[in-house]
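Dear colleague,

Please find below the structure I promised to hand over, followed by an account of what was found in it.

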Amino acid sequence: LLDQVEFGQMRTNNAEFRALIKQYQPIFNIWTIILSVTTFLGWIVGFLLLFKRSKFATGERWLALIMLTFSLILTSYILIWTKYNIYFTYINSWWIFLTFIIGPALFFYLKSVFQEPYSLKEVVFHFLPTFLIVLLVLPYLLSPFKIHLQCSSEIATLGSSSYLKVIHLIVYGMWCQQLCNNDWQVDETIKVWAKLVTRGFWVYVIGFCAYF
């Protein structure tokens, strides 16, 4: 809107208008540059795990899902923090439901690491909340594509609730912690790795709670 030709004279003569343009001008800083590099590495590792079998990770498909989900969430955040989301509106709201993927994906990754069997029915059950959240926030996801659904704003707001995300993350953090505390008959290195990953997840949960 600010780039329209009708405002050409104001851009030249009006200091307040130039300040308004500067306020919405996309910009990177040291923090967002570091996050961008981290996100880029996350995309690379995620795709390597997805398409090339790793010698070092059991359940690498689950690990790939975690890495790619984190990378897409961080991409959404970086676009918002740098104000480039003005030009990439199509993924502005994706992080809302992507947060609900991380917990179940980590849970099944740890099950794979500890060689505990699980069924397709169990996987569907754990990802059912994610599917329901997608349905609730569908108006947000489709609006950048000029598709407007007749849906109650209260329902869409419920689906994007930070409280739901926090509860969901904490519950899966506790389940993953419980998995790590079991006396699995696996190599000690695997146990250390699983505990390290779970602690990293708790750092994410605490950071998420602090941010929101």
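Although Lys83 is not a glycine, its phi is positive, at about 70°. Please keep in mind throughout that this is a predicted model.

The helix that comes before Lys83 is H4, which covers residues 60-81, counts 22 residues and reaches 31 Å from its first C-alpha to its last, close to the 32 Å expected at 1.5 Å a residue. A second residue with a positive phi that is not a glycine is Gln115, where the angle is about 60°. Gln115 sits in the loop between H5 and H6, and with a relative accessible area of 62% it is exposed.

As for the overall picture, the protein contains 10 helices and zero strands, and its C-alpha trace spans about 75 × 40 × 30 Å along the principal axes. Of its 212 residues, 38% count as buried. Among the contacts with a separation of 6 or more, 64% are between residues 24 or more positions apart.

Much of what follows concerns H5, and I take its two helix pairings in turn. Helix H5 (residues 95-113) packs against helix H10 (residues 188-211) at an angle of about 170°, the axes being 11 Å apart. Since an angle over 145 degrees counts as roughly antiparallel, that is how H5 is placed relative to H10. On the H5 side the contact is made by Thr99, Ile102, Gly103, Leu106, Tyr109, Leu110 and Val113, and on the H10 side by Ile190, Trp193, Ala194, Val197, Thr198, Phe201, Tyr204 and Phe208. Sorted by class, this contact holds 12 nonpolar residues, three polar ones and no charged ones.

The other pairing is that of H5 with H6, which pack at an angle of about 170° with their axes 8 Å apart, so that H5 is roughly antiparallel to H6 as well. Here Phe97, Phe100, Ile101, Pro104, Ala105, Phe107, Phe108 and Lys111 of H5 meet Glu122, Val123, His126, Phe127, Thr130, Ile133 and Val134 of H6. By class, the contact of H5 with H6 has 11 nonpolar, two polar and two charged residues. Not counting residues up to four places away in sequence, His126 touches Pro104, Phe107, Phe108, Tyr172 and Trp175.

Is Thr99 buried or exposed? Its relative accessible area is 1%, and because buried means under 20%, Thr99 is buried. Leaving aside neighbours within four places in sequence, Thr99 is in contact with Ile73, Lys165, Leu169, Tyr204 and Phe208.

Turning to H10 itself, this helix has 24 residues and reaches 35 Å from its first C-alpha to its last, close to the 34 Å expected at 1.5 Å a residue. Its buried residues are Lys191, Ala194, Val197, Thr198, Phe201, Tyr204, Val205 and Phe208, and what covers them includes H4, H5 and H9.

Finally, a residue from another helix: Ile34 is found in helix H3 (residues 30-51) and is partly exposed, with a relative accessible area of 47%. Ile34 and Phe145 are 111 residues apart in sequence, and their C-alpha atoms are 31 Å apart in space.

Notes: Residues numbered from 1 in each chain as written. Predicted model: local features only at pLDDT ≥ 70, side-chain atom pairs only at ≥ 80, totals over all residues. Heavy atoms only, no water. Axes fitted to C-alpha atoms, helices over the stretch in contact; angles between N-to-C directions. Helix = DSSP H or I, 4+ residues; strand = E, 2+ residues; numbered from the N terminus. Parallel < 35°, antiparallel > 145°, perpendicular 65-115°, else oblique. Contact = heavy atoms within 4.5 Å. Nonpolar A, V, L, I, M, F, W, Y, C, P; charged D, E, K, R; others polar. Expected span 1.5 Å × (residues − 1). Buried < 20%, exposed > 50% of the residue type's maximum accessible area, 1.4 Å probe, protein only.
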